[in-house]
Amino acid sequence: LDRLETYMGLEAIDKFKARVESSLPGKTDINSLSEDELYKVSMQAYARKEMDTALEGFQTFLKKFPGSDKADNARFWIGEIYFSEKWYEKAILEYEDVIKSYPKGNKVPAAYLKQGISFSKLGEKANARLILKTLIKKFPDSNEARVARRMIADIR
């Protein structure tokens, strides 16, 4: 039963509800949370390495507030959760969504970098180099471009 609940995501929902209740006393209905409250609780779960809980929170955030100024950040953190779990293919897709859907967002350079790292971890060195070179071309003065330059030199 536990495995089925986990598979269906019920455990993550329950954990997220518990995180909401502990972080925001008196708040028991996830649907009544404001944009800021929902994002804050999701980030707290991420900071505590409660990845299933954070994932549920960020996905709920994107469903409730798709036009939010924080939507690009929520999508990026979903990519980070997948990356931390070594689900590099899923992470690549989330980072791509950040890049395509929020081209002026503050997480775009980081999304390119993490996408390049993900390809490298999958052994797809040509794709990694291509993404990292794109990052350098589009954001040459960013900290991420500096890291990308070092990475390209190491990718053989």
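Guide: Let's start with a crossing: α5 and α7 cross in a left-handed way. Keep in mind that this is a predicted model.

Visitor: What makes α5 roughly parallel to α7?
Guide: Helix α5, residues 71–84, packs against α7 at an angle of about 20°, and their axes are 11 Å apart. Angles under 35 degrees count as roughly parallel, so α5 is roughly parallel to α7.

Visitor: Which residues of α5 and α7 meet?
Guide: On the α5 side you have F76, E80 and F83, and they meet A110, A111, K114, I117, S118 and K121 of α7. By class, that contact divides into five nonpolar, one polar and three charged residues.

Visitor: And why is α7 called roughly antiparallel to α8?
Guide: Look at the axes of helix α7 (residues 108–121) and helix α8 (residues 125–138): they come within 7 Å and cross at roughly 165°. Anything over 145 degrees counts as roughly antiparallel, so α7 is roughly antiparallel to α8. The crossing of α7 with α8 is left-handed.

Visitor: Which residues in α7 and α8 meet?
Guide: From α7 it's P109, Y112, L113, Q115, G116, F119 and S120, and from α8 it's K125, N127, A128, I131, L132, T134, L135 and K138. The class tally for α7 with α8 is eight nonpolar, five polar and two charged residues.

Visitor: What do α7 and α9 bring to their contact?
Guide: P109, A110, L113 and I117 in α7 meet E144, V147, A148 and M151 in α9. That contact has seven nonpolar residues, no polar ones and one charged.

Visitor: Let's move to single residues. Why is R75 called buried?
Guide: R75 has a relative accessible area of 19%. Buried means under 20%, so R75 counts as buried. R75 is found in helix α5.

Visitor: What is R75 in contact with?
Guide: Setting aside neighbours within four places in sequence, R75 is in contact with L62, E94, D97, V98 and Y102.

Visitor: Where is Y102, and what does Y102 touch?
Guide: Y102 is in the loop between α6 (88–101) and α7. Not counting residues up to four places away, Y102 touches L62, P66, A71, D72, R75, D97 and V108. Its C-alpha atom is 9.8 Å from that of D69, and Y102 and D69 are 33 residues apart along the chain.

Visitor: What makes K49 exposed?
Guide: K49 has 67% relative accessibility. Exposed means over 50%, so K49 counts as exposed. K49 is in the loop between α3 (35–47) and α4 (51–64), and its phi is near 65°, a positive value in a residue other than glycine.

Visitor: Why is K86 called exposed?
Guide: The relative accessible area of K86 is 58%. With the cut-off for exposed at over 50%, K86 gets the label, so it counts as exposed. K86 is in the loop between α5 and α6, and its phi is positive, about 65°, although K86 is not a glycine.

Visitor: Stepping back, how many helices and strands does the protein have?
Guide: The secondary structure comes to nine helices and zero strands. Along the sequence, the pattern reads α-α-α-α-α-α-α-α-α.

Visitor: How much of the protein counts as buried, and how much area is exposed?
Guide: Of its 156 residues, 47% count as buried. The protein exposes about 8900 Å², with carbon and sulfur atoms supplying 52% of it.

How values were computed. Residues numbered from 1 in each chain as written. Predicted model: local features only at pLDDT ≥ 70, side-chain atom pairs only at ≥ 80, totals over all residues. Heavy atoms only, no water. Axes fitted to C-alpha atoms, helices over the stretch in contact; angles between N-to-C directions. Helix = DSSP H or I, 4+ residues; strand = E, 2+ residues; numbered from the N terminus. Parallel < 35°, antiparallel > 145°, perpendicular 65-115°, else oblique. Left-handed = near helix turned anticlockwise from the far one by under 90°. Contact = heavy atoms within 4.5 Å. Nonpolar A, V, L, I, M, F, W, Y, C, P; charged D, E, K, R; others polar. Buried < 20%, exposed > 50% of the residue type's maximum accessible area, 1.4 Å probe, protein only. Areas by Shrake-Rupley, 256 points an atom, 1.4 Å probe, with all protein chains shown as cover.
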